[in-house]
Amino acid sequence: MKTRFTALACAMVAMAGGCAMAGEVEARKWIDSEFQPSTLSKDQQLAEMKWFIGAAKKLQAKGVKEISVVSETITTHEYESKTLARAFEEITGIKVRHDLIQEGDVVEKLQTSMQSGRSIYDGWISDSDLIGTHYRYGKIMSLSDYMAGAGKEYTSPGIDLKDYIGTRFTTAPDGKLYQLPDQQFANLYWFRADLFERQDFKDQFRAKYGYELGVPLNWSAYEDIAEFFSRDVKSIDGKPIYGHMDYGKKDPSLGWRFTDAWLSMAGAADVGAPNGLPIDEWGIRVADDKCTPVGASVARGGATNSPAAVYALGKYVDWMKKYAPKEAMGMTFGEAGPVPAQGQIAQQIFWYTAFTADMTRPGLPVVNADGTPKWRMAPGPNGPYWKPGMQNGYQDVGSWTFFKNHDANKIAAAWLYAQFVTAKSTSLKKTLVGLTPIRESDIQSQAMSDMAPKLGGLVEFYRSPARVAWSPTGTNVPDYPKLAQLWWKNVAQAVSGEKTPQGAMDQLAEEMDQVLARLERAGMAHCAPKLNPKGDSAKWLSDKQAPWAKLANEKPKGETIAYGKLLQAWKDGKAR
């Protein structure tokens with residue numbers, strides 16, 4: 001009776017314009033207590049929340065009370081799972097079970113759902129690395145079509161797709177958006193700025209190598225700096241210092257070490273943004289339609305076992321054995337990640353900005369007493385095969401993904417949640433927590449300017465034109481799960497010495513061609529592979545395009561730049 005009376009009273013007051021709709025009180029609470037700072041005013045945030053409340057009501061009327069979604073376990077997604085999911089439930093009345101699992105498990109469950117035709121979850125945060133897979137199999141929903149059709153009434157008027165910085169990575173060859181970016185982080189160069197600024201080290205380095213100690217522009221300089229700290233400096237304050245850090249355990253994470261653009265950093269791919277065309281950073285060539293994979297091996301026109309790719313693998317093994325702590329060889333990605341924060345690593349060529357939050361904790365050996373970092377991040381140096389206009393490095397873009405043939409109302413509710421956790425009302429606070437920005441407006445905000453001195457170059461990088469040269473796995477890869485698993489097993493054989501770098505890459509390229517051939521026979525909804533015939537590798541090698549012919553000199557003179565000059569170049573609108 002009391003409930004009926006309250007509802008009636010509220011309805012009567014609402015007629016007079018004075019009663020808050022269900023969820024509005026909760027929205028105000030969350031706006032005041034959690035959703036700050038924001039690029040929106042509180043009134044604008046409330047208006048955005050009211051839209052979510054109204055859209056959710058339609059779905060509740062259709063019986064939707066709860067949804068389940070999944071993502072990998074990183075700080076950003078932990079914040080969503082523990083905080084934003086609760087906020088969404090209190091504000092909209094729809095409960096969210098947001099599971100956190102390892103990245104490999106996300107891919108495995110996604111693959112299982114694709115094969116069975118039954119989606120385990122209502123929504124997925126799947127890396128945009130799978131964009132080529134999602135498009136070709138035809139199982140994943142086109143968001144462009146959904147927003148214009150069945151999902152139009154559940155698409156926020158404030159979504160502002162142009163404000164997302166990663167949508168070109170989640171757009172398929174048909175020009176349609178298939179995934180909505182949720183978090184982004186790049187793979188950059190990391191170094192101890194305090195050590196690089198020491199005059200005694202600068203003098204020693206210049207005397208030995210003939211140029212300045214600074215941010216390396218090429219792999220030659222990176223190698224010289226690695227040798228200098230490991231072999232010449234050796235120790236600081238009684239503790240060993242290493243010029244390089246990596247990981248080499250036979251583990252699926254070893255595959256990411258390479259598929260996350262290591263070959264393109266060396267220069268193995270073609271020129272082209274966001275990924276090389278016709279050959280991408282995996283070494284896969286596509287036909288003139290820019291969509292049909294035709295081979296990975298050099299014998300079929302690909303570049304997976306090309307001289308540049310073999311060079312990239314050789315340097316990875318060589319540097320780890322010579323200049324990294326001996327324990328690195330037996331570490332996985334997760335085990336190696338925290339090591340630089342312990343204070344004994346001078347530089348790391350392959351470092352994810354997702355570690356920024358963990359690298360800025362008070363009391364760490366790499367953090368000053370005032371909270372500013374002793375380290376900085378910068379664009380990674382380029383290998384000798386690299387040319388201007390090539391992909392410079394990798395950027396992870398975890399993105400919301402939905403299956404076509406799934407409960408329409410559950411999809412709509414999961415789509416609401418996806419928009420909620422990336423909305424302008426919530427995105428800036430989420431960015432400050434996880435440091436994985438997705439919106440231009442957040443990146444340019446005063447809050448980010450205020451945080452910049454403690455983030456070691458993260459804000460400057462994301463505000464610079466340099467960021468566009470960092471991109472995820474592209475659309476040349478037709479089946480990410482099937483092809484990705486080939487990498488770590490083959491790379492491990494080079495790490496252990498069972499195979500030479502050439503032998504390991506030859507085997508990898510052959511196995512990739514075999515998978516492409518199976519996909520060709522099985523067929524795909526769009527752009528199935530169609531392999532080139534195997535031929536003489538020599539006819540494909542060239543100095544004009546990938547696969548690039550072997551260079552006579554793979555170690556040109558080292559080049560460095562002062563970090564201050566690099567920052568100024570970014571402010572001036574230059575990539576470097």
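Predicted model: local features only at pLDDT ≥ 70, side-chain atom pairs only at ≥ 80, totals over all residues.

User: Where is E48 found, which residues does E48 touch, and how far away is the nearest side chain of opposite charge?

Analyst: E48 sits in helix 3, which covers residues 42–61. The residue is buried, yet E48 has no salt bridge. Its nearest side chain of opposite charge is R439, at 6.0 Å, and a salt bridge would need a side-chain nitrogen within 4 Å of a carboxyl oxygen. Leaving aside residues up to four places away in sequence, E48 touches L40, S156, G158, A423, K424 and S425. K424 is thus among the residues that E48 touches, although no salt bridge is formed by E48.

Now for the surroundings. Of the 576 residues, 58% are buried, and E48 is one of the buried ones. Contacts between residues at least 6 apart in sequence join residues at least 24 apart in 76% of cases.

As for charge, the protein chain carries 69 positive and 66 negative side chains, with the centres of the two sets 2 Å apart. The accessible surface is about 22400 Å², and carbon and sulfur atoms account for 52% of that area.

Finally, the overall form: the C-alpha atoms fill a box of roughly 85 × 60 × 40 Å along the principal axes. The radius of gyration is 25 Å, which agrees with the value near 25 Å for a compact globule of 576 residues.

Notes. Residues numbered from 1 in each chain as written. Heavy atoms only, no water. Rg over C-alpha atoms; globule rule 2.2 N^0.38 Å. Buried < 20%, exposed > 50% of the residue type's maximum accessible area, 1.4 Å probe, protein only. Contact = heavy atoms within 4.5 Å. Areas by Shrake-Rupley, 256 points an atom, 1.4 Å probe, with all protein chains shown as cover. Lys, Arg positive; Asp, Glu negative; His and termini not counted. Charge placed at Lys NZ, Arg CZ, Asp CG, Glu CD. Helix = DSSP H or I, 4+ residues; strand = E, 2+ residues; numbered from the N terminus.
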